[in-house]
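Visitor: I am new here and would like a short tour. Could you show me the structure before I ask my questions?

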Amino acid sequence: MTLSKILVTGGAGFVGSHACVALIAAGFRPVVLDTLVNSDPRSLERVGRICGVQPQLVRGDVRDATVLDRVFAEHGVDAVLHLAGLKAVSRSVSDPLGYYDVNVAGSLALAQAMERAGVRTLIFSSSATVYGDIARSPIRESASYAAVNPYGRSKVMVERMLADLSRSDPRWGIACLRFFNPIGAHESGLLGEHPQGPPDNLVPYVSQVAVGERGHVVVHGNDYETHDGTGVRDYVHVMDVAEGHVAALRYATLHRGLLTVNLGTGRGASVLDVIAAFERACGHRIAVHIGPRRPGDAPAYWADVQHAQDRLGWRARRSLDQMCADSWRWQLANPRGFDEPVPDFPVRA
Ligand code: WQD
(Lines give C-alpha, C1' and ligand atoms only; values in the text may rest on other atoms or scores of the structure.)
Protein backbone atom coordinates (compact mmCIF):
# COMPACT_ATOMS: atom_id res chain seq x y z
CA MET A 1 0.00 0.00 0.00
CA THR A 2 1.49 3.36 -0.94
CA LEU A 3 1.75 5.59 2.12
CA SER A 4 0.17 8.98 1.66
CA LYS A 5 2.76 11.71 1.23
CA ILE A 6 1.97 14.73 3.37
CA LEU A 7 3.69 18.08 2.88
CA VAL A 8 4.33 19.62 6.31
CA THR A 9 5.25 23.29 6.01
CA GLY A 10 7.16 24.40 9.11
CA GLY A 11 7.74 20.72 9.88
CA ALA A 12 11.15 21.30 11.53
CA GLY A 13 9.56 23.52 14.20
CA PHE A 14 8.21 22.72 17.65
CA VAL A 15 4.67 21.64 16.70
CA GLY A 16 5.72 20.65 13.17
CA SER A 17 8.34 18.11 14.23
CA HIS A 18 5.93 16.54 16.70
CA ALA A 19 3.30 16.45 13.93
CA CYS A 20 5.81 14.49 11.81
CA VAL A 21 6.11 11.91 14.60
CA ALA A 22 2.32 11.55 14.79
CA LEU A 23 2.01 11.33 10.98
CA ILE A 24 4.59 8.54 10.69
CA ALA A 25 3.02 6.67 13.60
CA ALA A 26 -0.29 6.86 11.73
CA GLY A 27 1.24 5.43 8.53
CA PHE A 28 1.77 8.65 6.57
CA ARG A 29 5.03 9.86 5.07
CA PRO A 30 5.81 13.54 5.73
CA VAL A 31 8.01 15.70 3.56
CA VAL A 32 8.99 18.97 5.21
CA LEU A 33 9.25 22.45 3.71
CA ASP A 34 10.94 24.83 6.14
CA THR A 35 13.05 28.01 5.88
CA LEU A 36 14.77 27.05 9.19
CA VAL A 37 14.49 30.73 10.17
CA ASN A 38 13.09 29.69 13.55
CA SER A 39 13.76 25.95 13.62
CA ASP A 40 16.58 23.41 13.52
CA PRO A 41 16.96 20.70 10.85
CA ARG A 42 18.36 18.38 13.51
CA SER A 43 14.82 18.10 14.87
CA LEU A 44 14.13 15.86 11.87
CA GLU A 45 17.08 13.62 12.76
CA ARG A 46 15.42 13.26 16.16
CA VAL A 47 12.13 12.37 14.44
CA GLY A 48 14.12 9.71 12.59
CA ARG A 49 15.50 8.32 15.87
CA ILE A 50 12.01 8.15 17.35
CA CYS A 51 10.19 6.76 14.31
CA GLY A 52 12.86 4.95 12.32
CA VAL A 53 11.94 7.11 9.33
CA GLN A 54 13.47 10.57 8.86
CA PRO A 55 11.29 13.04 6.97
CA GLN A 56 12.92 14.55 3.89
CA LEU A 57 13.61 18.27 4.26
CA VAL A 58 13.19 20.78 1.45
CA ARG A 59 14.73 24.04 2.59
CA GLY A 60 12.54 26.79 1.20
CA ASP A 61 9.94 29.46 1.73
CA VAL A 62 6.23 28.85 1.50
CA ARG A 63 5.93 32.20 -0.31
CA ASP A 64 8.11 30.92 -3.20
CA ALA A 65 5.86 29.58 -5.96
CA THR A 66 8.79 27.98 -7.80
CA VAL A 67 9.83 26.00 -4.74
CA LEU A 68 6.23 24.99 -4.05
CA ASP A 69 5.63 23.81 -7.63
CA ARG A 70 8.82 21.75 -7.50
CA VAL A 71 7.84 20.13 -4.20
CA PHE A 72 4.41 19.14 -5.53
CA ALA A 73 5.91 17.89 -8.81
CA GLU A 74 8.70 15.85 -7.20
CA HIS A 75 7.04 14.41 -4.11
CA GLY A 76 3.59 13.25 -5.12
CA VAL A 77 1.97 15.14 -2.26
CA ASP A 78 -1.54 13.97 -1.32
CA ALA A 79 -2.34 16.60 1.35
CA VAL A 80 -0.78 19.48 3.27
CA LEU A 81 -0.34 20.38 6.94
CA HIS A 82 0.42 24.10 6.98
CA LEU A 83 2.30 25.06 10.14
CA ALA A 84 4.86 27.46 8.68
CA GLY A 85 4.38 30.94 10.07
CA LEU A 86 5.54 33.58 12.53
CA LYS A 87 3.92 33.32 15.96
CA ALA A 88 5.33 35.85 18.43
CA VAL A 89 2.49 38.18 19.40
CA SER A 90 4.76 40.96 20.64
CA ARG A 91 6.91 40.90 17.49
CA SER A 92 3.83 41.03 15.30
CA VAL A 93 3.00 44.42 16.83
CA SER A 94 6.38 45.88 15.86
CA ASP A 95 6.52 44.11 12.47
CA PRO A 96 2.97 43.77 11.14
CA LEU A 97 3.96 43.73 7.46
CA GLY A 98 6.43 40.90 8.12
CA TYR A 99 3.66 38.91 9.81
CA TYR A 100 1.10 39.53 7.08
CA ASP A 101 3.70 38.67 4.44
CA VAL A 102 4.70 35.30 5.94
CA ASN A 103 1.41 34.26 7.50
CA VAL A 104 -1.11 35.59 4.96
CA ALA A 105 0.82 35.88 1.67
CA GLY A 106 2.52 32.57 2.47
CA SER A 107 -0.81 30.83 2.99
CA LEU A 108 -2.16 32.37 -0.24
CA ALA A 109 0.89 31.20 -2.22
CA LEU A 110 0.50 27.71 -0.77
CA ALA A 111 -3.20 27.47 -1.63
CA GLN A 112 -2.49 28.68 -5.18
CA ALA A 113 0.27 26.08 -5.61
CA MET A 114 -2.06 23.38 -4.26
CA GLU A 115 -4.70 24.47 -6.78
CA ARG A 116 -2.13 24.23 -9.62
CA ALA A 117 -1.09 20.77 -8.43
CA GLY A 118 -4.68 19.58 -7.94
CA VAL A 119 -4.02 18.88 -4.22
CA ARG A 120 -7.07 20.06 -2.29
CA THR A 121 -6.78 18.68 1.25
CA LEU A 122 -5.37 21.26 3.67
CA ILE A 123 -4.95 21.35 7.47
CA PHE A 124 -4.23 24.90 8.63
CA SER A 125 -2.65 25.60 12.01
CA SER A 126 -4.62 28.53 13.32
CA SER A 127 -4.69 29.91 16.86
CA ALA A 128 -6.88 30.77 19.82
CA THR A 129 -5.62 34.30 19.41
CA VAL A 130 -8.36 34.76 16.77
CA TYR A 131 -10.78 35.05 19.72
CA GLY A 132 -9.02 38.03 21.24
CA ASP A 133 -9.67 38.81 24.90
CA ILE A 134 -13.42 39.31 24.98
CA ALA A 135 -14.73 35.78 24.40
CA ARG A 136 -16.14 34.08 27.47
CA SER A 137 -14.54 30.76 28.41
CA PRO A 138 -14.98 27.97 27.64
CA ILE A 139 -14.74 29.42 24.14
CA ARG A 140 -16.71 27.78 21.34
CA GLU A 141 -15.73 27.92 17.66
CA SER A 142 -18.85 29.98 17.00
CA ALA A 143 -17.44 32.91 19.01
CA SER A 144 -16.79 36.01 16.92
CA TYR A 145 -13.38 36.95 15.66
CA ALA A 146 -11.88 39.60 17.95
CA ALA A 147 -8.14 39.37 17.40
CA VAL A 148 -6.29 42.22 19.10
CA ASN A 149 -2.86 42.00 17.48
CA PRO A 150 -1.42 41.53 13.97
CA TYR A 151 -0.51 37.90 14.70
CA GLY A 152 -4.10 37.03 15.61
CA ARG A 153 -5.46 39.12 12.73
CA SER A 154 -3.17 37.28 10.29
CA LYS A 155 -4.76 34.01 11.40
CA VAL A 156 -8.24 35.50 11.00
CA MET A 157 -7.39 36.62 7.47
CA VAL A 158 -6.21 33.15 6.47
CA GLU A 159 -9.27 31.50 8.02
CA ARG A 160 -11.52 33.87 6.08
CA MET A 161 -9.58 33.22 2.85
CA LEU A 162 -9.92 29.46 3.30
CA ALA A 163 -13.64 29.79 4.04
CA ASP A 164 -14.09 31.73 0.78
CA LEU A 165 -12.04 29.12 -1.08
CA SER A 166 -14.15 26.31 0.35
CA ARG A 167 -17.38 28.08 -0.62
CA SER A 168 -16.08 28.70 -4.16
CA ASP A 169 -14.91 25.14 -4.83
CA PRO A 170 -16.51 22.12 -3.11
CA ARG A 171 -13.60 19.91 -4.13
CA TRP A 172 -11.55 21.28 -1.22
CA GLY A 173 -11.35 19.54 2.17
CA ILE A 174 -10.04 22.08 4.72
CA ALA A 175 -9.62 22.04 8.51
CA CYS A 176 -8.65 25.10 10.57
CA LEU A 177 -7.19 24.04 13.94
CA ARG A 178 -7.21 26.71 16.64
CA PHE A 179 -4.35 25.81 19.00
CA PHE A 180 -4.60 27.08 22.55
CA ASN A 181 -1.23 26.86 24.36
CA PRO A 182 0.87 23.93 23.13
CA ILE A 183 3.55 22.92 25.66
CA GLY A 184 5.45 19.79 26.62
CA ALA A 185 7.69 17.52 24.56
CA HIS A 186 7.76 14.04 23.09
CA GLU A 187 7.99 11.46 25.91
CA SER A 188 11.33 10.16 24.59
CA GLY A 189 13.11 13.38 25.59
CA LEU A 190 14.48 13.67 22.04
CA LEU A 191 12.17 16.41 20.76
CA GLY A 192 11.06 19.62 22.41
CA GLU A 193 10.93 23.38 22.35
CA HIS A 194 14.18 25.33 22.23
CA PRO A 195 13.40 28.97 21.49
CA GLN A 196 16.20 31.14 20.17
CA GLY A 197 17.00 33.78 22.78
CA PRO A 198 15.02 34.55 25.96
CA PRO A 199 11.69 32.69 25.74
CA ASP A 200 8.56 34.83 25.41
CA ASN A 201 6.34 31.95 26.51
CA LEU A 202 5.85 30.76 30.06
CA VAL A 203 6.82 27.09 29.99
CA PRO A 204 10.16 27.31 28.14
CA TYR A 205 11.09 30.12 30.53
CA VAL A 206 10.09 28.13 33.62
CA SER A 207 12.03 25.17 32.26
CA GLN A 208 15.21 27.23 31.88
CA VAL A 209 14.84 28.53 35.44
CA ALA A 210 14.31 24.97 36.68
CA VAL A 211 17.55 23.81 35.06
CA GLY A 212 19.48 26.81 36.41
CA GLU A 213 19.95 28.67 33.14
CA ARG A 214 17.93 31.64 34.39
CA GLY A 215 17.45 32.98 37.92
CA HIS A 216 13.69 33.36 38.33
CA VAL A 217 10.37 33.57 36.55
CA VAL A 218 8.62 36.93 36.46
CA VAL A 219 4.89 36.37 36.87
CA HIS A 220 3.20 38.98 34.67
CA GLY A 221 0.58 40.20 37.13
CA ASN A 222 -1.18 38.56 40.07
CA ASP A 223 -4.17 40.91 40.28
CA TYR A 224 -6.40 39.30 37.65
CA GLU A 225 -9.90 38.07 38.46
CA THR A 226 -8.75 34.43 38.55
CA HIS A 227 -8.54 31.83 41.32
CA ASP A 228 -5.06 32.94 42.32
CA GLY A 229 -4.79 36.29 40.56
CA THR A 230 -2.45 35.07 37.80
CA GLY A 231 -3.27 34.59 34.12
CA VAL A 232 -5.16 31.46 33.07
CA ARG A 233 -4.65 29.57 29.82
CA ASP A 234 -5.57 26.23 28.25
CA TYR A 235 -2.25 24.39 28.08
CA VAL A 236 -2.32 21.37 25.77
CA HIS A 237 0.37 18.75 25.23
CA VAL A 238 2.16 19.24 21.92
CA MET A 239 1.71 15.53 21.12
CA ASP A 240 -2.04 15.89 21.65
CA VAL A 241 -1.94 18.82 19.21
CA ALA A 242 0.10 16.71 16.78
CA GLU A 243 -2.41 13.86 17.01
CA GLY A 244 -5.19 16.39 16.50
CA HIS A 245 -3.58 17.27 13.17
CA VAL A 246 -3.65 13.61 12.13
CA ALA A 247 -7.29 13.28 13.17
CA ALA A 248 -8.11 16.41 11.15
CA LEU A 249 -6.15 15.06 8.15
CA ARG A 250 -8.14 11.83 8.21
CA TYR A 251 -11.38 13.82 8.48
CA ALA A 252 -10.51 16.27 5.67
CA THR A 253 -9.46 13.40 3.42
CA LEU A 254 -12.92 11.87 3.75
CA HIS A 255 -15.03 15.04 3.96
CA ARG A 256 -15.02 18.00 1.59
CA GLY A 257 -15.84 21.46 2.89
CA LEU A 258 -14.46 23.46 5.83
CA LEU A 259 -14.18 22.38 9.48
CA THR A 260 -12.94 24.66 12.27
CA VAL A 261 -12.09 23.17 15.66
CA ASN A 262 -10.37 24.14 18.91
CA LEU A 263 -7.36 22.12 20.01
CA GLY A 264 -7.26 22.46 23.79
CA THR A 265 -7.99 20.48 26.93
CA GLY A 266 -11.09 22.43 28.01
CA ARG A 267 -9.34 23.20 31.32
CA GLY A 268 -7.71 26.46 32.40
CA ALA A 269 -4.49 26.55 34.44
CA SER A 270 -2.96 29.64 36.01
CA VAL A 271 0.67 30.70 35.87
CA LEU A 272 1.13 29.54 39.47
CA ASP A 273 -0.62 26.22 38.69
CA VAL A 274 1.91 25.64 35.89
CA ILE A 275 4.86 26.56 38.08
CA ALA A 276 3.60 24.19 40.81
CA ALA A 277 3.25 21.39 38.24
CA PHE A 278 6.76 22.06 37.00
CA GLU A 279 8.08 21.93 40.59
CA ARG A 280 6.48 18.48 40.92
CA ALA A 281 8.22 17.45 37.69
CA CYS A 282 11.70 18.76 38.53
CA GLY A 283 11.55 18.04 42.25
CA HIS A 284 12.63 21.46 43.48
CA ARG A 285 11.30 24.97 43.98
CA ILE A 286 11.31 27.48 41.15
CA ALA A 287 12.08 31.10 42.08
CA VAL A 288 9.29 33.53 41.26
CA HIS A 289 9.08 37.32 41.24
CA ILE A 290 5.70 39.02 40.82
CA GLY A 291 5.86 41.70 38.17
CA PRO A 292 3.39 44.01 36.42
CA ARG A 293 0.82 42.79 33.92
CA ARG A 294 2.15 42.23 30.37
CA PRO A 295 0.49 44.56 27.81
CA GLY A 296 -1.94 42.70 25.55
CA ASP A 297 -2.43 39.75 27.90
CA ALA A 298 -5.97 38.48 28.38
CA PRO A 299 -6.82 37.52 31.96
CA ALA A 300 -8.16 34.03 31.28
CA TYR A 301 -9.27 31.83 28.41
CA TRP A 302 -9.73 28.15 27.72
CA ALA A 303 -11.39 26.05 25.05
CA ASP A 304 -14.72 24.39 24.63
CA VAL A 305 -13.54 21.06 23.18
CA GLN A 306 -16.81 19.35 22.30
CA HIS A 307 -16.66 20.10 18.57
CA ALA A 308 -13.30 18.36 18.07
CA GLN A 309 -14.61 15.38 20.01
CA ASP A 310 -17.81 15.21 17.95
CA ARG A 311 -16.31 15.75 14.50
CA LEU A 312 -12.79 14.36 14.82
CA GLY A 313 -13.19 11.91 17.69
CA TRP A 314 -10.18 13.73 19.17
CA ARG A 315 -9.70 14.81 22.77
CA ALA A 316 -6.51 15.87 24.56
CA ARG A 317 -5.38 12.96 26.72
CA ARG A 318 -2.28 14.17 28.56
CA SER A 319 -2.39 15.99 31.90
CA LEU A 320 -0.63 19.20 32.93
CA ASP A 321 1.72 17.13 35.10
CA GLN A 322 2.64 14.98 32.09
CA MET A 323 3.21 18.10 29.99
CA CYS A 324 5.64 19.41 32.60
CA ALA A 325 7.30 16.03 33.16
CA ASP A 326 7.90 15.64 29.41
CA SER A 327 9.20 19.23 29.17
CA TRP A 328 11.56 18.61 32.04
CA ARG A 329 12.90 15.34 30.53
CA TRP A 330 13.63 17.23 27.27
CA GLN A 331 15.24 20.14 29.14
CA LEU A 332 17.46 17.87 31.25
CA ALA A 333 18.67 15.83 28.30
CA ASN A 334 19.11 18.80 25.95
CA PRO A 335 20.27 21.87 27.91
CA ARG A 336 21.66 23.27 24.64
CA GLY A 337 18.76 22.12 22.51
CA PHE A 338 19.74 20.29 19.34
CA ASP A 339 23.40 21.17 19.87
CA GLU A 340 23.46 18.26 22.32
CA PRO A 341 24.73 14.99 20.87
CA VAL A 342 21.70 12.79 20.35
CA PRO A 343 20.91 11.29 23.76
CA ASP A 344 20.22 7.57 24.12
CA PHE A 345 16.68 6.78 23.10
CA PRO A 346 14.47 6.94 25.07
CA VAL A 347 15.95 9.34 27.60
CA ARG A 348 15.65 8.13 31.17
CA ALA A 349 14.92 11.14 33.40
C1 WQD B 1 0.94 32.42 29.14
C2 WQD B 1 0.68 33.05 30.49
C3 WQD B 1 1.45 35.31 30.67
C4 WQD B 1 5.74 34.36 30.43
C5 WQD B 1 1.10 32.21 23.33
C6 WQD B 1 1.58 32.73 22.04
C7 WQD B 1 0.47 32.76 21.04
C8 WQD B 1 -0.26 31.45 20.98
C9 WQD B 1 -0.65 30.92 22.35
C10 WQD B 1 0.21 30.10 19.05
C11 WQD B 1 0.20 34.49 30.40
C12 WQD B 1 2.21 34.41 31.64
C13 WQD B 1 4.35 34.28 30.44
C14 WQD B 1 6.43 34.74 31.59
C15 WQD B 1 4.34 34.94 32.75
N16 WQD B 1 0.54 30.49 20.31
N17 WQD B 1 3.67 34.55 31.59
N18 WQD B 1 5.70 35.02 32.72
O19 WQD B 1 0.54 34.76 25.73
O20 WQD B 1 -1.07 32.84 26.10
O21 WQD B 1 0.17 33.07 23.93
O22 WQD B 1 0.53 30.94 23.15
O23 WQD B 1 -0.75 30.37 18.43
O24 WQD B 1 1.08 33.01 19.80
O25 WQD B 1 2.04 34.02 22.27
O26 WQD B 1 1.37 32.40 26.08
O27 WQD B 1 3.21 31.46 27.40
O28 WQD B 1 3.41 33.85 26.60
O29 WQD B 1 1.78 33.31 28.41
O30 WQD B 1 3.69 35.20 33.79
O31 WQD B 1 7.69 34.83 31.66
O32 WQD B 1 1.91 33.09 31.23
O33 WQD B 1 1.15 36.56 31.28
O34 WQD B 1 -0.74 34.70 31.45
P35 WQD B 1 0.19 33.34 25.52
P36 WQD B 1 2.54 32.77 27.10
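Visitor: Which backbone nitrogen does a side-chain oxygen of Asp64 reach at the start of H3?

Guide: Welcome! This is a predicted model, where local features need pLDDT of at least 70, side-chain atom pairs count only at pLDDT 80 or more, and totals for chains, interfaces and linings use all residues. Residues are numbered from 1 along each chain as its sequence is written, and side-chain values use heavy atoms, leaving out hydrogens and water. At the start of H3, the side-chain oxygen of Asp64 comes to within 2.9 Å of the backbone nitrogen of Thr66.

Visitor: Why do the buried residues of H3 line one face of the helix?

Guide: Helix H3 spans residues 65-75, and its buried residues (under 20% relative accessible area, 1.4 Å probe, protein chains only) are Val67, Leu68, Val71, Phe72 and His75. An α-helix has 3.6 residues a turn, so residues three or four places apart point the same way. Seen down the axis of H3, the buried residues line one face because they fall within an arc, taken from the directions from the helix axis to the C-beta atoms, of 130°.

Visitor: Which exposed residues does the face of H3 turned away from its buried side carry?

Guide: Exposed here means over 50% relative accessible area. On that face of H3 sit Thr66, Ala73 and Glu74.

Visitor: How far from an oxygen atom of the ligand does a polar side-chain atom of Arg233 lie?

Guide: Arg233 is among the residues that come nearest to the ligand, where near means a heavy atom within 4 Å. The distance from its polar side-chain atom to the ligand oxygen is 2.7 Å.

How values were computed: A polar contact is a pair of N or O atoms within 3.5 Å; within protein, one must be able to donate a hydrogen and the other to accept it, and residues adjacent in sequence count only if both atoms are side-chain atoms. Helices (H or I, at least four residues) and strands (E, at least two) are DSSP runs, numbered from the N terminus.
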